[in-house]
Amino acid sequence: MTETNFDVVVIGGGPGGYVTAIRAAQLGMKTAVVEREHMGGICLNWGCIPTKALLRSSEIYHLLHNLESFGLSVKDIKFDLAKVVARSRGVASQLSKGVSGLMKKNKVTVFDGHGKLAGKGKVIVDKDGKTVSELTGKHIILATGARARTIPAMEPDGKLVWTYKEAMVPTEMPKSLLVVGSGAIGIEFASFYRTMGAEVTVVEMLDRILPVEDEEISKLAQKSFEKQGMKILTSTNVKGLKKGSNNVTVTIEKDGASTDITVDRVIMAIGIVGNVENLGLEGTKIKVDKTHVVVDKWSATGEPGVYAIGDLTGPPWLAHKASHEGVICIEKIAGQKDVHPLNVKNIPGCTYCWPQVASVGMTEKAAREAKKDIKVGRFQFIGNGKAIALGEPEGLVKTIFDAKTGELLGAHMIGAEVTEMIQGYAIARQMEGTELDLMHTVFPHPTLSEMMHESTLDAFGKVIHM
C-alpha cells in the first residue's frame, strides 16, 4: 500500500469534486481526488452533458420536419439511433478526458477506486475488493453525489424498466414509453423520446408536472407537451407493474380508479438518494438525514476536518450548485477573506425539454404565501421579433418584484433558449438589482433577451410591445 499525504483529499470526481480540487490546487494546496468510475461524475458522463447531446439531436430532427415554414425542403427524413447515441457518448467521453487533463494541468493527484473515511484525517482507496492506497489529508471533502431513487417491487432491470442510464443508450427506439416522474429528468427524457416519435405517457403523483416551477409555467408546459402528442397523467400513482417478454403492463391509480397501461419501456425518474453507503461514516460525528449528509453554511459536517458538497448534501440537486458550493468550501478552508455562503435562492434551474423551462428565485405562489406585496410582469414570445423570425413564437417570460422595494423576487420562463437567458436574472438577483436597474439596462435588438426587459416593464405598467 502507498501512503500519501495531502492538504486536501476529495472523494468523488464529479462537478463538485473536480472543481473543488482545481480551486484547492490554485490556492497552493496539495490535492488528491478519489474517483471510482469516470472523471466528471454522473453529470458529465451519464447526466447533464450526454442528455443535452441527445436532446440536440431531437431538436434538429424536429426542425427538419418543419422546414417548409422556412421555405426549405428535405426528403426522406430519418434517424440512425445508434449514431445518435454514439454522438452523445462521444461528447461525454471528450469532456471526461478534458477533466482528466485539467487534473494533470493543476497537479491534482487522481486515485482510481472507492474512497472512504478510515479514521481522523485518513482515507483508504479500495479497488476490486482490495485496499490499494491509504491517504492522509488535513481536510477531507465528500463529493460522492447521488443516484436514482427506486420503488420497492418496481426496481429497474436495465431491460424493460430503465433508469436514466439505460434511457441514454437505447439499442432500439421503443414505440411506447411510460415515464414515472415529471421533474427535470423525467420531462427531458419524455421530450426526447416523444420528439423522436415514441408514444409517451408521463405519470406524476402531484397535481402538476414540473412541480418545483411556477404554476403558470407548469400549465403552459403541459399544454405544449400535450399539443405535441404527449399524454400526461397528474395526481396519479403507480401501483405496480408486470413485465412481459418485451413490454411492461403498469397499473396506475387516479381518483381511486385503477387502470392498466401496456408500454414497451418504463423510465423511473422519481428523484435521487445520496450516496452515503460505505463511506466510513460510522463512528464519526457526521449526521445523515434522509440519505443526505447534514452540513453547515460552509459545507462542514459534524466531524472536524470533514466536509460534504453537492447532491450528497441535498437540494437543489444541480451540478452548478455543487461546483459553486465546493469553491466556497475550499476558499473558506484556505482563509480567503471574500467568501460568502451560498444563497440557494439565487441558483437558476433549467429543464432542457422542448420548449425549454428556466427559473430563479421565488414563484408567484411562494411570494404571496410569504405575504409579499408583489408586482408581476409577463411578456409572451409572440410579441418578440426575434422569436417570430426563429419560428419560436410560443413562450412566456414572467417576473415577480417586491412592489415596495423593487427587488426582483423571481423570474420564470418557458420557450426557446430560456436556459441561456435566465442567467441575466440570476445576475440581477446576485447583485440585488431592482426594477430600475433592469429598466435602465439597454437590451440589444433583435434578441430574445428583450423580453426580459419587457416583462420587467410590464410589472410596472410600462410595457411597450404588448
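Lysine 398 is buried, with a relative accessible area of 1%; buried means under 20% relative accessible area, exposed over 50%, and partly exposed in between (1.4 Å probe, protein chains only). The model is predicted, so local features need pLDDT of at least 70 and side-chain atom pairs count only at pLDDT 80 or more, while totals for chains, interfaces and linings use all residues. Residues are numbered from 1 along each chain as its sequence is written, and side-chain values use heavy atoms, with hydrogens and water left out.

Side chains of opposite charge can pair when their charged atoms come close. A salt bridge here is a side-chain nitrogen of Lys or Arg within 4 Å of a carboxyl oxygen of Asp or Glu, and the whole structure holds 22 salt bridges. One of them joins aspartate 214 to lysine 398 at 2.8 Å, N to O. This pair links distant parts of the chain, 184 residues apart: aspartate 214 is in the loop between strand E10 (199-203) and helix H7 (215-227), and lysine 398 is in strand E23 (residues 396-402). Helices (H or I, at least four residues) and strands (E, at least two) are DSSP runs, numbered from the N terminus. Aspartate 214 is buried, as is lysine 398.

Lysine 398 also forms a salt bridge with glutamate 216, where the closest N and O atoms are 2.8 Å apart. Because lysine 398 lies in strand E23 and glutamate 216 in helix H7, the pair ties together parts that are 182 residues apart in sequence. Glutamate 216 counts as partly exposed, at 24% relative accessibility. Another salt bridge is formed by the side chains of lysine 398 and glutamate 364 (2.7 Å, N to O). Through shared partners, salt bridges join Asp214, Glu216, Glu364, Arg368, Arg378 and Lys398 into one network.

Helix H3 (residues 48-64) has 17 residues and reaches 25 Å from its first C-alpha to its last, close to the 24 Å expected at 1.5 Å a residue; the expected span is 1.5 Å times one less than the number of residues. Pro50, Thr51, Ala53, Leu54, Leu55, Ser57, Ser58, Tyr61 and His62 are buried in H3. Their cover includes helix H2 (41-46), helix H4 (81-105), helix H5 (164-168) and helix H6 (184-195). Isoleucine 60, also in helix H3, is partly exposed, with a relative accessible area of 36%.

Which cysteines does a disulfide join? With a disulfide defined as a pair of cysteine sulfur atoms within 2.5 Å, the count comes to one disulfide, and cysteine 43 is joined to cysteine 48 (S to S 2.3 Å). The torsion about their S-S bond is about -130°, so the disulfide is left-handed. Cysteine 43 counts as buried at 16% relative accessibility, whereas cysteine 48 is partly exposed, with a relative accessible area of 30%. Cysteine 329 is in no disulfide; the nearest cysteine sulfur, that of cysteine 43, is 19 Å away. Cysteine 329 counts as buried, at 1% relative accessibility. Cysteine 353 is buried too, with a relative accessible area of 5%. The sulfur of cysteine 353 is 10 Å from the closest cysteine sulfur, in cysteine 350, which is too far for a bond.

Notes: Contact means heavy atoms within 4.5 Å.
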